[in-house]
Amino acid sequence: MNPYETDKLLAEYLLFHFGSAEEILPAGGNGLADALDYPVRCVTECVEMAALPADARAFDLGCAVGRSSFELARSCRSVTGIDFSQRFIAAAQRIAQEGELAYAGADEGALTTQLVARVPEGVETSRVVFQQGDAMDLRADLGTFDVVLLANLIDRLREPGRCLARLPALVKPGGQLVITSPYTWLEEFTPRVHWLGGFEDAAGLRVMTRDGLQTALGETFDFVGVKDLPFLIREHARKYQWTLAEATMWRRRA
Ligand SMILES: C[S@@+](CC[C@H](N)C(=O)[O-])C[C@H]1O[C@@H](n2cnc3c(N)ncnc32)[C@H](O)[C@@H]1O
């Protein structure tokens, strides 16, 4: 079963995307504050807003419960968010339609606190459409986009190369591509033969995922830059996953 269809991960991701600092951080955990709001920072720190046209179209692939899609809607006239999980998409649609979604944040064992995920202030939800779909087998009629975001997706795909191979057709010439990932390659998600990096090649040289991305994208995209993006997922009141993702920024050659 896809773990992203469970109550546990749905609640974890609603808190991750929409929780306030007080809801997420333990008392005295302020050193972790730099890792808050990752789905927001994937947009604000990685997308060059000034380069977008007035009628920009954005695509958030692997959007989960939708926070980055909403943030893209601040600067883009239309945003498509696609995720494989029916439940994540249903939650994102509900937040867009109703303005909020109540959920139970895990505290300890079976104890929870009632929380509410709300559309961020100032976002026009009519600009955003959420759909269920497979990043490795996307519909043919999606069109082209001025900005495409793949946040924490590539190391969760069975064949990330298949997804990357579709990107030249999805990003407009001159358009932006942002890929963030901690490159946590696990055979349970991605058979080793499909890893983009994190292994030694036949000559014993270390292949890093950034090299694999360059190989997969280099013919059609120019590498623009790279940055570290920490993020924090609260599992319960006393357990947090702190992770340091890498963001790479690319521009589609004309
Ligand atoms: C680690 S989460 C990251 C989600 C979100 N972008 C974020 O940064 O919080 C990975 C997401 O990829 C989605 N996913 C996994 N396989 C997928 C596929 N084949 N096509 C589309 N989405 C997929 C999962 O449902 C999950 O929402």
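# A chat about contacts, rings and the ligand

Me: Leaving aside neighbours within four places in sequence, which residues is Glu71 in contact with?
Reply: Val40, Val43 and Pro120, once the neighbours within four places in sequence are left aside. Keep in mind that this is a predicted model.

Me: Where does Glu71 lie?
Reply: In helix α4, which covers residues 67-72.

Me: Is Glu71 buried or exposed?
Reply: Glu71 has a relative accessible area of 5%. The limit for buried is under 20%, so Glu71 counts as buried.

Me: What does the side chain of Glu71 have a polar contact with?
Reply: With the side chain of Arg67, at 2.9 Å.

Me: Moving on to rings. How many aromatic pairs are there?
Reply: The count is twelve aromatic pairs. One of them is Tyr4 with Tyr13, where the ring centres are 5.9 Å apart and the planes stand at 75 degrees.

Me: Why is the pair of Tyr4 and Tyr13 edge-to-face?
Reply: Because planes over 60 degrees apart count as edge-to-face, and the planes of Tyr4 and Tyr13 are at 75 degrees. Tyr13 is also buried, at a relative accessible area of 15%.

Me: And what about Tyr38 and Phe231, what kind of pair do they form?
Reply: A tilted one, with 4.6 Å from centre to centre and 45 degrees between the planes. Tyr38 belongs to helix α3 (residues 38-44) and Phe231 to strand β10 (residues 221-236), so the pair ties together parts 193 residues apart in sequence. Both residues are buried.

Me: Which residues form one aromatic cluster with Tyr38 and Phe231?
Reply: Tyr4, Tyr13, Phe16 and Phe88 form one aromatic cluster with them.

Me: Where does the charged end of Arg156 sit?
Reply: Over the ring of Phe189, 4.2 Å from the centre of that ring.

Me: New topic, the ligand. How many residues surround the ligand?
Reply: The ligand has 19 residues around it, and the closest are Gly62, Asp83, Asp134, Ala135 and Ala151.

Me: What lies 2.7 Å from a nitrogen atom of the ligand?
Reply: A backbone N or O atom of Ala135. For Asp134, an N or O atom in the side chain is 2.9 Å from a ligand nitrogen. Phe84 has a backbone N or O atom 3.1 Å from a nitrogen atom of the ligand.

Me: How much of the ligand's accessible area does the protein cover?
Reply: On its own the ligand has 590 Å² of accessible area, and the protein covers 95% of that.

Me: Now Gln176. What does its side chain reach at 2.7 Å?
Reply: The backbone nitrogen of Glu48. Gln176 is placed in strand β7 (residues 171-181) and is buried, with a relative accessible area of 5%. Not counting residues up to four places away in sequence, Gln176 touches several others, including Cys46, Leu52, Asp146 and Trp250.

Me: Last one, backbone angles. Which phi does Asp37 have, positive or negative?
Reply: Positive, at about 60 degrees, although Asp37 is not a glycine. Most residues other than glycine have a negative phi. Asp37 is in the loop between α2 (21-24) and α3, and at 41% relative accessibility it counts as partly exposed.

Terms used. Residues are numbered from 1 along each chain as its sequence is written. This is a predicted model: local features need pLDDT of at least 70, side-chain atom pairs count only at pLDDT 80 or more; totals for chains, interfaces and linings use all residues. Side-chain values use heavy atoms; hydrogens and water are left out. Rings of Phe, Tyr and Trp (its six-membered ring) pair if their centres lie within 6.5 Å; planes under 30 degrees apart count as stacked, over 60 as edge-to-face and the rest as tilted. Buried means under 20% relative accessible area, exposed over 50%, partly exposed in between (1.4 Å probe, protein chains only). Helices (H or I, at least four residues) and strands (E, at least two) are DSSP runs, numbered from the N terminus. A charge sits over a ring if NZ of Lys or CZ of Arg is within 6 Å of the ring centre and within 35 degrees of the ring normal. A polar contact is a pair of N or O atoms within 3.5 Å; within protein, one must be able to donate a hydrogen and the other to accept it, and residues adjacent in sequence count only if both atoms are side-chain atoms. Contact means heavy atoms within 4.5 Å. A residue is near a molecule or strand if one of its heavy atoms lies within 4 Å of it. Accessible areas come from the Shrake-Rupley method with a 1.4 Å probe; for residues, only the protein chains shown count as cover.
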